[in-house]
Amino acid sequence: MAEIRAKPTWLHAPAIRSILISIGFASLIALPALIGKSWLNITIEILIMALAACSLNLMLGYTGLVSFGPAGLYAVGAYTTAILLARFKMNIVPAMIAAPIMAAIVGWAVGWVCVRRTKVYFALLTLAFSQIIWTIIFEWYAVTGGDNGIISIPTPEFFFSIVNSYYFCLAVVGCCIFTLWRIVNSPFGRTLQAIRENPGRVEFIGVNLKRYQLAAFILSSTFLGIAGSLYCVFSDSAFPDFAHWTKSTDMLVVCLLGGLYRFSGPLVGSAIYTILAKTLSKHTMHWNLILGVAIVLLVLLMRNGVMGFLSERLSRKKQARPCA
Amino acid sequence: MTLEAALGQVLSGISLGMVWFLIAAGLSIIFGTLKILNLAHGSIYMLGGFLCYQVTSAFSHVPGVFWLALLVAPLVTALVGGCIEILLLRRIYGLDMIYQYLLTFGLILIVGEVCKILWGAGYNTVAVPWPLNGTVNLFALSFPKYNLFLIGMGVLVFVGLRVLIGATSLGAVVRAVTHNREIAGALGINVPGVYTGVFMLGCWLAGLAGTLTPPMSVVALGADLSVIIDCFIIVVIGGLGSISGAFLGSIILGLTTAFGLYIIPKLAVAFGFILMIIVLIIRPRGLMGVSD
Amino acid sequence: MLLETRGLRKSFGGLMAVLEVDLQVDHKEIVSIIGPNGAGKSTLFNLITGHIPVDRGEVHFKGKDITRLAPYEISRLGIGRSFQKLNIFPRLSAFQNIQVALFSAKGLNRRLFSSAENSLSEEVEEILENLGLADRSGAPGGLLAHGDQKRLELGIVLALNPELLLLDEPTQGMSAGETSQTTELIYGLVKKRRMGLAFVEHDMKVVFGISDRIYVMHQGTMIFCGSPEEVKSNEEVRNIYLGKGKRRVA
């Protein structure tokens, strides 16, 4: 288990937080005026990955369920929208709404099986299911285009402008992350955290463990589906690799990088990871090596992620702590 | 399907399974004793393949160079494994599974990239060594001698491992540590040393598998990812920590894949995962594993 | 009768952990269970609360057969249980530990969109006050001193407002002062709220101090049940604690 740290008070003081969030929000809205197109593209990718990682973290950091297969649900969302737009020529609104619904249904089925088991067996089950999803996508040529994927997906003219796409993304991701924020700070969210802290104990406070774990799984899947759907619309394409277990690992790395136990962790992690991936991979042929070394160092030295690290540093500066 | 074709599939499936067994056995022992899911195990296998290529091409004028490679490559991978265990894994024992998963994933990236730097991104081949080239006639069918050799090696290693772990005092030490790390330590057993030794043994096995594969296929990047998932499936089916389980699981997966490819090629890939799910639901400790 | 077990039996492999145990606890009654380590006391609690399945026998709570119910269902019916080994939520603050139990007790834990930040704070503070932990409500549970953690554990159970309390070594590891404080708290609550209490203890002062009846367990069976005086003067009980007995095998 990650070490217990006293919750720092100043980073979380309401006044400071509101200021930081307001600044953050204002910059996000003003962004298109400040940066160029390619950076705007990168920002959209950051936003989508942030949503995906945040959704994963609902299961991972908040409920303590380590899933090796979030990419499967992400791909379900992406392909649902892709297929509806490309094959059924549906209007974009229902095509996008269908994605989280489909992801929730698949998440329900997969999750129901996976929560029957715990820890490493749970994780292996999630891996197996996401690889089955990958296989279905890869082999079902007629519907999913197989390993060619689905490309040149017809999206409304509105999205031809990168600025429009950006604002749309910002709006959707913003709403979703806000919703996730409300969820983790609700009584339900507290119960999930209690499950993470001591799954054995919660049954003795009247909580049906498996039902809550499944609920977390389904909620997580739903938002992963939205993220996948957004990426499909943004990139006008969908590929089987969206479901591959290495994509899942990307999401896990993002969560770890930012910090599993803070809501802002996945958001920060996504920004850092995406920017580094996009910029460094252009300048070097050995991005994989750098990433690999970075992950190893992260696990060895900075297990609580960037946000965890910062909180520790800042809380050490503050003198009075509530208790020993 | 004719009897000949069926037998052909059976042998093909089993020889495929034997290579998997060598990798899966290592993975299984490592999980059983060190309680670590080593994702990088496939990378060690791939490294073994590249080392085999390196030795056979560097010393191609030496007769029987393949056998030299068979000796050298696994030793090198074992050493690499030892370094990994001492420098990295020792710091993460007892931590949450996600850290082990991600650290070993990081190793996949590192080893993969190093192989790419050293040997390039293309295909490399290794010739089938004398006297194993050609086919032999069994039951009125011709089978590649090399495949039979592989099956033989698999069985040999299986027996060897069983004897080593089950019947030697060294094996008893490993079993003690697997069973209860604290008590073993209290009895004066050098637990960290055993951990390193077991990990090195696992890597030696993976390197051996990697060396044995090239003559019947190619040496290329990507083997690390494709093989690790299959081995996870085998280890789950057989039972995490059980060598016999890994053997049985390898044969099952080998046969399922061989027949699956024949019957429903499109979904053959998914067979393994479906099996894995079924086993995890009905009997999580696998066919021969110990309950946790 | 609040709680009644009939002929409970549980064996693990060849070992008979609990054999033919009949236990009864009524409202406002304080019953303690004593016995050497390994006597099966915690196993008994685990059987009653559904943590492990019963081999044979029945558990009745307020007349209803609860033998095969899941732990969370039993908990909802009104049985609160604390554990021998500390079992709190380490990274949640003391406040949140109690709060999450209250959410569950009031059926509020399904609420997805209301803020939990200061929800039910009055009730939580009151409970923390009773436990003497009000000044440490913001501290993570795992960083509290051992005795405080034990009391937090108790608080989680009490927050559920159960009718029956099953406490497994509630004062273990506490100083003399903390022990008497905790004991007074438990005693007062039980009598005030008409709860039934069955607790396992090794601290004989506590046992003889507040028990109405004492059950003595040895190697899985109840070898004696009686008032504190009867227990003190019983020959067999003295032998158990001072002499040797034979291990029983299933």
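What pLDDT does chain A average, and what share of the residues score at least 70? Chain A averages 88, and 93% of the residues score at least 70; pLDDT is the predictor's confidence in each residue, from 0 to 100. Welcome to a predicted model, in which local features need pLDDT of at least 70 and side-chain atom pairs count only at pLDDT 80 or more, while totals for chains, interfaces and linings use all residues. Residues are numbered from 1 along each chain as its sequence is written, and chains are lettered from A and ligands numbered from 1 in the order in which they are written.

**Confidence in chain A**
- Residues 319-324 of chain A stay under 50 in pLDDT, and the model has nine contacts for them beyond four places in sequence. Two residues are in contact if their C-beta atoms, placed from the backbone, lie within 7 Å.
- Where pLDDT is low, the predicted coordinates should not be read in detail.

**Helix α10 of chain A**
- Helices (H or I, at least four residues) and strands (E, at least two) are DSSP runs, numbered from the N terminus.
- Helix α10 (residues 209-235) of chain A has 27 residues and should span 39 Å at 1.5 Å a residue, which agrees with the 39 Å between its end C-alpha atoms. The expected span is 1.5 Å times one less than the number of residues.
- Since 23 of the 27 residues of α10(A) are buried, this helix is largely enclosed by the rest of the structure. Buried means that 20 or more other C-beta atoms lie within 10 Å of a residue's own, with C-beta atoms placed from the backbone.

**Chain C as a whole**
- Chain C holds nine helices and ten strands.
- With a radius of gyration of 18 Å, close to the 18 Å from the globule rule for 250 residues, chain C is as compact as a globular protein of that length. The radius is taken over C-alpha atoms, and the rule is 2.2 Å times the number of residues to the power 0.38.
- The C-alpha trace of chain C spans about 55 × 40 × 30 Å along its principal axes.
- Of the 250 residues in chain C, 48% are buried.
- Among contacts in chain C with a separation of 6 or more, 68% join residues 24 or more positions apart.

**Domains of chain C**
- Chain C splits into domain 1 (1-78 + 163-250) and domain 2 (90-161), with bounds from an automatic or database domain assignment.
- The C-alpha centres of these two domains of chain C are 26 Å apart. Their contact takes twelve residues from domain 1 of chain C and ten residues from domain 2 of chain C.
- Helix α6 (residues 176-193) of chain C brings five residues, the largest share of the domain 1 side.

**Where the chains meet**
- The contact between chains A and C takes 27 residues from chain A and 39 residues from chain C. On the chain A side, α8(A) gives the most, with eight residues.
- Between chains B and A, the contact takes 32 residues from chain B and 33 residues from chain A. α4(B) gives the most to the chain B side, with 13 residues.
- The side of chain B that touches chain A has 26 nonpolar, two polar and four charged residues. Here Ala, Val, Leu, Ile, Met, Phe, Trp, Tyr, Cys and Pro count as nonpolar, Asp, Glu, Lys and Arg as charged, and the others, Gly among them, as polar.

Note on methods: Buried ≥ 20, exposed ≤ 12 C-beta atoms within 10 Å, placed from the backbone.
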